[in-house]
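Me: I'm new to this one. Could you show it to me and then let me ask how you know things?

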Amino acid sequence: MTAPSLTPAAAAVASPAVPVLTADDVSLQYTTRERMVTATWRVSFKVYPGDRFVLLGPSGCGKSSLLKSVAGFLPPVEGRIRLNGRDIKGPGPDRMMVFQEFDQLLPWKSVFENVAYPMRVNSRFPRAEIEERVRGYLDKIGLTRFADAHPHTLSGGMKQRVAIARAMAMEPEVLLMDEPFAALDALTRRTMQAELLRLWEDTRFTILFVTHSIEEALIVGTRILVLSPHPGQVRAELDATGLGFDSVATPRFAELQARIEDMLFAGRPGHTAEAH
Amino acid sequence: MTNASVILPAGDPPPRPDYERKVEAAEAIGDIARKLTWRERLLQNALFRRVVILVVLGLVWQVYATILDNELMLPKLSVTLVALWDAFVHGTLLERTLFSLEILLIGYAIGVVLAAALVSVSATTQVGNDLLSTLTAMFNPLPAIALLPLALLWFGLGMGSIVFVIVHSVLWAVALNTHSGFQSVSETMRMAGQTFGLKGLRYIFGILVPAALPAIVSGLKIGWAFAWRTLIAAELVFGASSRSGGLGWFIFENRVALETPYVFAGLLTVILIGLAIESLVFRTLETHTLRKWGMQR
């Protein structure tokens with residue numbers, strides 16, 4: 001397939017020196033029935049076009065809340081999140097999201113229609129182009145044969161592939177991924193990580209990726225924002241450019257991994273200097 | 001003391017050699033997939049299984065009625081079927097049935113439309129949500145037939161009153177089911193829909209309605225059953241007063257005349273229509289939606 005043509009919206013942010021997404025001192029709180037919980041405390045970061053930006057932290061560090069806030073579901077109580085300089089007001093197709101759960105696909109639509117649906121309800125792409133775009137993205141993820149299948153007949157990995165294709169086909173400013181591979185088995189997860197990197201090499205889209213796995217962060221990410229637990233605060237922002245599956249055994253990989261482990265687990269039982 | 005220590009191994013497990021082997025080609029194994037035989041296919045067929053059940057029930061009826069041998073209490077199935085045929089061809093049963101169906105469909109349609117409007121409001125606003133919860137809690141337990149005297153006062157004798165009580169019996173059942181269906185739509189699916197940019201009615205009909213369809217269909221089924229019950233009951237109570245009665249009135253007439261086979265013929269008509277609607281309308285709907293989408297087995 002030919003590379004999808006750049007839309008005016010995407011062309012406007014092509015300059016790699018200007019951040020596409022900025023979070024300034026973002027504090028997030030949510031209320032449950034009994035209490036109010038502070039999820040993050042004054043978190044700032046900048047995502048540049050083409051970044052594979054990873055939010056990494058233990059559970060309870062507010063990384064998913066942060067992603068939901070970027071998606072527009074959770075307004076910050078303090079600070080601002082801006083996409084291309086504009087404040088985020090609510091959810092929208094310029095920030096498509098891939099969730100961890102498999103039920104993000106609509107069971108009443110075929111694989112083809114699932115990918116086509118967001119394009120059909122938005123005027124981002126001309127009607128005539130939709131079919132060709134869907135075919136192109138199904139081809140990219142290798143599910144052309146399953147275009148007419150319904151989601152319940154697919155395996156977990158295939159469902160996540162469809163969700164990724166659906167999000168990518170919209171050419172969002174930032175592709176949000178909330179632990180997209182966490183519910184998959186280890187073998188499938190590895191395949192999917194490799195596939196995501198291959199897709200990224202193809203189109204160089206911007207990803208904001210949430211994970212609690214240090215290994216996944218190092219393989220998938222080019223920038224890693226390490227968050228401390230409860231409430232989430234920025235502990236470090238690290239460069240992980242050039243790390244992939246080939247570099248798992250390299251000293252640089254091991255060193256970064258040890259450094260992050262130290263930040264996250266220092267002073268916890270079970271973590272001693274001799275451990276690595 | 002626990003007895004777990006009893007099953008702990010005494011030493012290390014024995015060392016065993018590694019081995020590798022080639023797997024057989026699939027053709028060499030034989031039957032991996034084959035066509036089902038006609039018997040297996042027949043047992044897979046839901047229609048066939050249901051017909052068998054109906055035949056068995058019919059036989060039980062026939063045998064028991066023969067033993068009882070009292071046509072006034074329980075006529076045989078064969079006698080009932082003859083009466084059914086006679087009433088349809090020579091009698092008033094067809095006319096009565098059509099009259100009942102007409103009222104039923106009018107009441108059902110109004111009830112479903114009102115329920116849709118109410119639930120749509122409740123899905124988009126908090127006030128609507130509270131309103132619906134309160135209204136269903138208040139009116140759902142209220143038997144439709146208890147409203148009949150009031151309906152007669154407001155709408156007079158005739159169709160209006162019956163339609164009113166049918167709407168009452170359909171509305172709350174459908175609304176309650178649809179509402180709880182909407183509430184059980186997963187957060188992920190809601191968020192997915194919202195990231196596509198869906199809002200308002202497009203969001204309701206694009207995400208909530210299809211996602212809640214299992215609950216909506218079961219609400220429609222319950223509503224249909226409630227509508228029938230209410231209709232027959234209402235006609236039994238005052239069907240005589242309206243110009244031309246329906247099925248309930250047919251049953252009442254024949255009971256008074258002690259024509260028990262015809263009473264049974266009337267009841268059987270209700271049952272047959274119920275079976276037909278279930279297998280033609282609802283089953284078709286389910287096959288083309290819920291089963292195809294994997295939301296129902």
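Predicted model: local features only at pLDDT ≥ 70, side-chain atom pairs only at ≥ 80, totals over all residues.

Reply: Residues are numbered from 1 along each chain as its sequence is written, while chains are lettered from A and ligands numbered from 1 in the order in which they are written.

Me: How do you know that the span of helix α4 of chain B agrees with its 13 residues?

Reply: Helices are DSSP runs (H or I, at least four residues), numbered from the N terminus. The expected span is 1.5 Å times one less than the number of residues. For residues 77-89 that gives 18 Å, and the end C-alpha atoms are 18 Å apart, so the two agree.

Me: What makes residues of α4(B) buried?

Reply: A buried residue has 20 or more other C-beta atoms within 10 Å of its own, with C-beta atoms placed from the backbone. L77(B), T80(B), A83(B), L84(B) and A87(B) are buried.

Me: What do the buried residues of α4(B) pack against?

Reply: They pack against α3 (46-68), α5 (93-124) and α13 (260-291) of chain B. Contact here is C-beta atoms, placed from the backbone, within 7 Å.

Me: How many residues does the contact take from each of chains A and B?

Reply: By that cut-off, 18 from chain B and 20 from chain A. On the chain B side, α9(B) gives the largest share, six residues.

Note on methods: Helix = DSSP H or I, 4+ residues; strand = E, 2+ residues; numbered from the N terminus. Buried ≥ 20, exposed ≤ 12 C-beta atoms within 10 Å, placed from the backbone. Contact = placed C-beta atoms within 7 Å.
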